[in-house]
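Let's take a walk through this one together, from the overall layout down to single side chains. Have the structure open and turn it as you read.

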Amino acid sequence: MCDDVIINLLFPSIDQALEQHFDKPKEFYCEQILQVKKKVEPYSYFNVILQVTTFEGAHDFPYDLVTITFSNKNSMDFQAIDVKSRTLKTNEVTKCRHLL
């Protein structure tokens, strides 16, 4: 359930990061938290790495697997500090976890 809360709070930031990365708004699903790390240097902050799958139209190809790292190191809000994506092949299947 904690993952669901994090994803919900980051939803606007995910939208913004995807739009900046792809130069246009992108719809997504299959949100998944990969890692949450607490950092201390000289103050505490968090890095959150999550993964989403983007799609076109009515869940059509092309699909992109996107990994975004968010941090609140320099702000109270989480900002995307790294975005990586790769286009999925038509035979690749993304397993989605079910949100509570």
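How many helices and strands does the protein chain have? It has one helix and four strands. Keep in mind throughout that what you're looking at is a predicted model. Start at the N terminus and follow the chain along, and the elements come in the order α-β-β-β-β. Helix α1 takes up residues 2–22, strand β1 runs over residues 27–40 and strand β2 over 44–56, strand β3 covers residues 60–71, and strand β4 covers residues 79–87.

Now zoom out for the overall dimensions. The C-alpha trace spans about 45 × 30 × 20 Å along its principal axes. As for how the chain meets itself, take the contacts between residues at least 6 apart in sequence: 46% of them join residues at least 24 apart.

Next, find the hairpin. Strands β1 and β2 form it, with three residues between them. The two strands pair in the antiparallel sense, over 11 bridges.

On to the charged side chains. Side chains of opposite charge can pair when their charged atoms come close. How many salt bridges does a search of the whole structure find? The count is five. Some of them belong together: K24, K26, E56 and D64 are linked in a network of salt bridges.

The side chains of E56 and K24 meet at 3.7 Å, N to O. This pair links distant parts of the chain, with E56 in strand β2 and K24 in the loop between α1 and β1, 32 residues apart. E56 is partly exposed, with a relative accessible area of 25%, and K24 is also partly exposed, at 38%.

E56 has another partner, K26, and here the closest N and O atoms are 2.4 Å apart. Since E56 lies in strand β2 and K26 in the loop between α1 and β1, this pair ties together parts that are 30 residues apart in sequence. Is K26 buried or exposed? K26 counts as buried, because its relative accessibility is 8% and the cut-off for buried is under 20%.

K26 also forms a salt bridge with D64, the closest N and O atoms being 3.9 Å apart. D64 sits in strand β3, so this pair ties the loop between α1 and β1 to a part 38 residues away in sequence. At 6% relative accessibility, D64 counts as buried too.

Stay in strand β3 and move along to T69. T69 is buried, with a relative accessible area of 13%. What is T69 in contact with, leaving aside its neighbours within four places in sequence? Its contacts are V48, I49, Q79, A80, I81 and D82. Of these, V48 and I49 fall in strand β2, while Q79, A80, I81 and D82 fall in strand β4.

Strand β4 also holds S85, which counts as partly exposed at 33% relative accessibility. Not counting residues up to four places away in sequence, S85 touches H21, F22, L65 and V66. H21 and F22 come from helix α1, and L65 and V66 from strand β3. For a sense of scale, S85 and F28 are 57 residues apart in sequence and 13 Å apart in space, C-alpha to C-alpha.

M1, V5 and L9 make a nonpolar surface patch of about 370 Å². One of them, L9, is found in helix α1 and counts as exposed, because its relative accessibility is 65%.

Key
Residues are numbered from 1 along each chain as its sequence is written. This is a predicted model: local features need pLDDT of at least 70, side-chain atom pairs count only at pLDDT 80 or more; totals for chains, interfaces and linings use all residues. Side-chain values use heavy atoms; hydrogens and water are left out. Patches are made of residues with over 30% relative accessible area and no salt bridge: like charges are joined within 9 Å, nonpolar side chains (Val, Leu, Ile, Met, Phe, Trp, Tyr) within 5 Å. Accessible areas come from the Shrake-Rupley method with a 1.4 Å probe; for residues, only the protein chains shown count as cover. A salt bridge is a side-chain nitrogen of Lys or Arg within 4 Å of a carboxyl oxygen of Asp or Glu. Buried means under 20% relative accessible area, exposed over 50%, partly exposed in between (1.4 Å probe, protein chains only). Contact means heavy atoms within 4.5 Å. Two strands pair if DSSP finds at least two bridges between them.
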